[in-house]
Amino acid sequence: MTRANHAGAGAGLRAGSQPDAGAQRIVHGLGVLAASLALGCATPSEAGEGSSSEGSTTRDTVTTVTPTTSGSGATATGSDDSAGSTVSGPAESGDGSSTGDAPAADACAAYDEFAQALAGDPDDAARDDRQDEFLRTMWRSDEGLPIRCDGRMIVLFADDGAGAWSVTGDFADWDPRAHPLQPLVEGYGLLVAELAIEEPLAPSLYKLVRDGTEYVADPWARRFGWDEFGEYSLTSARADASHLERYPAFDDALASLQPRRVVVYVPAGASSRSALPVLYMHDGQNLFAPDAPYGGWQVGAAIDAAIEGGVMPPALVVAIDNTSDRFDEYGPSVDDLGQGPVGGRADEYADFLVDGVIPFVDARYPTAADRASRAVLGSSMGGLVSLYIAWRHPEVFGAAGSMSGTLEWGQIGADNDRVLDLYEATPPDDVWIYLDSGGNPPCPGGSDNYCVTVEMRDALVGLGWTEGERLAWLHAPGATHDEAAWAARMPGFLALLGPQWAN
């Protein structure tokens, strides 16, 4: 079966989509992963921010109120890496990614040991614990899943009990029944297919197939992307095309925050490059998937076009999923949206990013480990926390962007500092800032946080920022507060960020 034909065969399950939550066994101790496999959309409140859970997506619709100012300051903390650009991470790996925790040559040996031990475990609870430990090791290893070494490719999948599963792809001419998935241990819900391959195996697209007709991407595959048939999985990176890499249930330097998925966009040819700049983004569930709300941000396509057009140099994008504590984590101070106090954990989130995510990325990818090559961007509450992170850690980030930022936070239903107050009290040194919004005047009032964004721009100009140099401001008249609007403005943001990284 050709690849062109297999899309129609999967019409019963959206081509390339991941199995729904009911079709996925919740891995013991890693429920956050199973949730992340079911990308739903939480409906926001008409009056305020909508809540978001792990694996769900949210738009923000906070109505702006007349600003009040109360100044306060804080001291930024973190390690100082501002003394010049330092190349971090390997430039020799096959996809620009690896120095992981387990060399690829050891992955098959680790799998064989795991399979043997799993068969000897006394009950399913012990097997669950062993499986969790093994999956975590593989997810953090150099190559991730599927396992490839010694002429073997090993695909693992959690059995949903709702059909017969197999794996196919370019390497099998898309024969839907080419390689059946079988229980690794009889009666236990972990399936495996072991394929004999010739090394080196050319990078191949593949999918899982249910009952020979329903094609879905492998939810545990390290590397993946989208095409006209939906999401696909990759056996390894392709040098001539960008791709995405996932790290489920990421928890480095997490403190008391919830684990979450981290996804990395890797540009074409990353393995032959060094000192790549990195854009860190929030609400990761909304950024790449075409079936995210309002079509998502389409970040992969926007970055591809910007790089190919010479608008910006090749760069990594690190997307960090939100959790059910999104308002708490993205809100620098405590506010009240009408249902009680919320917010105030942005310090924890900022430090998780700086002390957990960034070192992990720098160790595995050929990054330029200096502040001038790091930027942070988000929308609505994500725009707010981006500005806050740059304020708290100006020694780590040289650029920050806020699209339709909820910059009135702290004064919506409470009387606490806004991010504007923090900037006025202690301006961060030499940070390039991008601000935008849709909506329209008059002010006070307006929509899409237009008024408070203009107020933030004016405050920064008063503090010494100059538009066209360290400050960029864009107004999209009448634009709405959703992913489609932010996706439309993403190319413009990249066109402005690119010269900052080219300098």
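## Disulfide pattern

Counted along the chain, the bonded cysteines of this protein pair in the pattern 1-2, 3-4. A search of the whole structure finds 2 disulfides. A disulfide here is a pair of cysteine sulfur atoms within 2.5 Å.

This is a predicted model: local features need pLDDT of at least 70, side-chain atom pairs count only at pLDDT 80 or more, and totals for chains, interfaces and linings use all residues. Residues are numbered from 1 along each chain as its sequence is written, and side-chain values use heavy atoms, with hydrogens and water left out.

## The two bridges

Cys108 bonds to Cys149, with 2.0 Å from S to S. The torsion about this S-S bond is about 135 degrees, so the bridge is right-handed. Cys108 lies in helix α3 (residues 104-120) and Cys149 in strand β4 (residues 147-149), so the pair ties together parts 41 residues apart in sequence. Helices (H or I, at least four residues) and strands (E, at least two) are DSSP runs, numbered from the N terminus. Both Cys108 and Cys149 are buried. Buried means under 20% relative accessible area, exposed over 50%, and partly exposed in between (1.4 Å probe, protein chains only).

Cys443 and Cys451 form a disulfide, with sulfur atoms 2.0 Å apart. Their link is left-handed, at -95 degrees about the S-S bond. Cys443 is partly exposed at 45% relative accessibility. Cys451 is buried at 11%.

## Aromatic pairs

The structure holds 16 aromatic pairs. Rings of Phe, Tyr and Trp (its six-membered ring) pair if their centres lie within 6.5 Å; planes under 30 degrees apart count as stacked, over 60 as edge-to-face, and the rest as tilted.

Take Phe250 and Phe360. Their ring centres are 4.9 Å apart and their planes stand at 80 degrees, so the pair is edge-to-face. Phe250 sits in strand β14 (residues 243-250) and Phe360 in helix α7 (residues 346-364), so the pair ties together parts 110 residues apart in sequence. Both residues are buried. Phe250 and Phe360 also belong to a cluster linked by ring pairs, with Tyr247, Tyr330, Tyr349 and Phe352.

Trp297 and Trp486 make a tilted pair: 5.9 Å between centres, 40 degrees between planes. Trp297 is buried at 3% relative accessible area, and Trp486 is buried at 1%.

## Charges over rings

A charge sits over a ring if NZ of Lys or CZ of Arg is within 6 Å of the ring centre and within 35 degrees of the ring normal. Arg246 lies over the face of Phe224, 3.9 Å from the ring centre. The charged end of Arg470 sits over the ring of Trp465, 4.3 Å from its centre.
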